[in-house]
Amino acid sequence: MKAIRVSDFGGPEVLRVQEVPDPKPERGQVLVRVKAVGVNPVDTYIRSGAYARKPSLPYTPGTDAAGVVEALGGDVKRFKVGDRVYTNGTITGACAELALCDPLRVHPLPPKISFVQGAALGVPYATAYRSLFQRTHAQPGETVLVHGASGGVGIASVQLARAAGLTVIGSAGTDKGRALVLEQGAHHVVDHRAPDYVDRIMAITEGRGVDLIMEMLANVNLAKDLTMLSPGGRVVVIGNRGTIEINPRDAMAREAAILGMILWGATEAELTSIHAALVAGLENGTLRPIIGHELPLAEAPRAHQRVLEPGAYGKIVLIP
Ligand code: NAP
């Protein structure tokens, strides 16, 4: 089969298509024929060699795929050959024509959800769900700022928060991104590059501030976030690419909380709960992944560049 292989950590150019032997499922494993692969920012951090979790070389990148069950090892009862599925982790890597998986990382893909949409679920939707419901315990009636709403995690957060009865404010850096955020359920949208966006959010909330902030770029925004929270407000740090100076008094005065969130921190029980909720949301139509770019597998280097550029519009997926 064809797969993307990384033999040395480095820039996007280290992602190369190679012919490798087809994986065979052993007892307790599922083999998925991959139809689409989701590209996440974390894939680029891992590829660069700068991430805390480093795979041994050579490796095939990617965790999020959607496709069809091709074969089953012994003792796998939850799936049958031909089932449509999505993954939130693989044993052999998602950027390939076939991916070997632990059945715990494989979930049913409802019929109305396409394979490219299925590839947008694993990291982005699970991150959004965990941040909203397992870390900040969002409640209906609260107001949430999805700070960076136009990308994979942001669109998922907007859809989940809207369906749960929150008032949703989304931010994006382009007109196209802001239009998408509104279309996907945000009640209000702001431009996170505009100098007055904090004033706009305070005006939208009639001076009270927001109850929750889902923060995609904490090293840029955390100090301002703490000034936009309502009393007892919470910021959940989802994305961060550097350091920032904050005034702790802003948190103290509001009895605010800064929470971290790392998807790898979820327990098996929490992941089971997350994916059960996501499948239900896909079935009832509240969750509708948005795909901005589809590229052939061989263009993985371009996808890794694109996912870090401004102007996000939903997900970037690769097609084997
Ligand atoms: P993505 O699809 O590339 O989207 C990036 C988002 O960040 C876009 O909405 C972008 O908006 C926005 N952004 C850019 N500049 C911003 C600014 N100054 N203020 C606020 N938002 C800004 O990435 P993603 O998959 O949604 O992931 C978002 C971040 O979360 C990444 O840093 C990723 O590594 C991290 N993440 C962490 C976890 C975890 O377990 N903690 C899990 C998943 C993702 P425009 O392009 O419209 O400007």
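**Starting at Leu222**

Visitor: Why is Leu222 called buried?

Guide: Buried means under 20% relative accessible area, exposed means over 50%, and partly exposed is in between, with a 1.4 Å probe and protein chains only. Leu222 has 9% relative accessibility, so it counts as buried. Before we go on: this is a predicted model, where local features need pLDDT of at least 70, side-chain atom pairs count only at pLDDT 80 or more, and totals for chains, interfaces and linings use all residues. Residues are numbered from 1 along each chain as its sequence is written, and side-chain values use heavy atoms, with hydrogens and water left out.

Visitor: Where is Leu222 found, and what is it in contact with?

Guide: Leu222 belongs to helix H7. Contact means heavy atoms within 4.5 Å. Leaving aside neighbours within four places in sequence, Leu222 is in contact with Val235, Ile244, Ile246 and Ile258. Thr143, 79 residues from Leu222 in sequence, is 18 Å from it in space, C-alpha to C-alpha.

Visitor: What makes H7 a helix?

Guide: Helices are DSSP runs of H or I with at least four residues, strands are runs of E with at least two, and both are numbered from the N terminus. H7 covers residues 218-227.

Visitor: You mentioned His147. How do you know that His147 is buried?

Guide: The value for His147 is 1% relative accessible area, so it is buried under the 20% rule. His147 is found in strand S8 (residues 143-147). Among the residues it touches, not counting those up to four places away, are Ser171, His192, Glu215, Asp225 and Met228.

Visitor: Which loop holds Glu206, and what makes Glu206 exposed?

Guide: Glu206 lies in the loop between helix H6 (197-204) and strand S11 (210-215). Its relative accessibility is 75%, so Glu206 counts as exposed. Its phi is near 50°, a positive value in a residue other than glycine.

Visitor: What about Glu255: buried or exposed?

Guide: At 70% relative accessibility, Glu255 counts as exposed. Glu255 is in the loop between helix H8 (248-254) and strand S13 (257-260), and has a positive phi of about 50° although it is not a glycine.

Visitor: Where is there a cis peptide bond?

Guide: One joins Leu57 and Pro58, with omega about -10°. Pro58 lies in the loop between helix H1 (41-48) and strand S4 (64-72).

**Stepping back**

Visitor: How many helices and strands are there in the chain?

Guide: The chain has ten helices and 15 strands.

Visitor: What makes the chain as compact as a globular protein of that length?

Guide: The radius of gyration is taken over C-alpha atoms, and the globule rule is 2.2 Å times the number of residues to the power 0.38. For 320 residues that rule gives 20 Å, and the chain's radius of gyration is 20 Å, close to it, so the chain is as compact as a globular protein of that length. By the burial cut-off, 55% of the 320 residues count as buried.

Visitor: Which domains does the chain have?

Guide: Domain bounds come from an automatic or database domain assignment. Here the assignment gives domain 1 (2-121 + 289-319) and domain 2 (124-264). The contact takes 18 residues from domain 1 and 17 residues from domain 2. Their C-alpha centres lie 28 Å apart.
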